[in-house]
Amino acid sequence: MSGNHPVEVRILDREYTVGVSEDERDSLLAAARLLDARMREIRGSNRMVSLDRVAVLAALNLAHELQQAREERDARERELARTLDTLHRRLDGLLGPSPD
């Protein structure tokens, strides 16, 4: 079964309905729990902080973490490419030139 299904999520004591495919439901719920936890952490015991400010700070923190993860992934991919290139050169050296 495909298509979007309404899913209720609760973030900082507010209900939101989001349309999501059934196979993405669990991931969306996990993301909502993560966002709710981050927003609660930022808000702390000061309930007077505006929801907009809390949301922007949580989004900024999560975007920063995503950017760091992407940079780390890119560095790992570059290192893997270098290692594979080195291994290919070693194999070519051991096997000699390929007959054409």
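Student: Which residue in β2 is the bridge partner of H5?

Tutor: In this predicted model, strand β1 covers residues 4-11 and strand β2 covers residues 14-21. The two strands pair in the antiparallel sense over 8 bridges. Within this pairing, the bridge partner of H5 in β2 is V20.

Student: Which residue in the turn of the hairpin formed by β1 and β2 has a positive phi?

Tutor: The hairpin leaves 2 residues between β1 and β2. A positive phi of about 50 degrees occurs in this turn, at L12.

Student: Is D36, which meets R40 in a salt bridge, buried or exposed?

Tutor: The side chains of D36 and R40 meet at 3.0 Å, N to O. Both residues are in helix α1, 4 residues apart, and are therefore separated by about one helical turn. R40 is partly exposed at 30% relative accessibility. The cut-off for a buried residue is under 20% relative accessible area, so D36, at 16%, counts as buried.

Student: How many residues apart in sequence are the parts tied together by R38 and E65?

Tutor: The side chains of R38 and E65 form a salt bridge at 2.8 Å, N to O. Because R38 lies in helix α1 and E65 in helix α2, the pair ties together parts whose separation in sequence is 27 residues.

Student: What relative accessibility does E24 have?

Tutor: E24 lies in the loop between β2 and α1. Together with E22, D23 and D26, E24 belongs to a patch of negative charge on the surface. E24 counts as partly exposed, since its relative accessibility is 46%.

Definitions and conventions: Residues numbered from 1 in each chain as written. Predicted model: local features only at pLDDT ≥ 70, side-chain atom pairs only at ≥ 80, totals over all residues. Heavy atoms only, no water. Pairing = 2+ DSSP bridges. Patch = residues over 30% accessible without salt bridge, like charges linked within 9 Å, V, L, I, M, F, W, Y side chains within 5 Å. Areas by Shrake-Rupley, 256 points an atom, 1.4 Å probe, with all protein chains shown as cover. Salt bridge = Lys/Arg side-chain N within 4 Å of Asp/Glu carboxyl O. Lys, Arg positive; Asp, Glu negative; His and termini not counted. Charge placed at Lys NZ, Arg CZ, Asp CG, Glu CD. Buried < 20%, exposed > 50% of the residue type's maximum accessible area, 1.4 Å probe, protein only.
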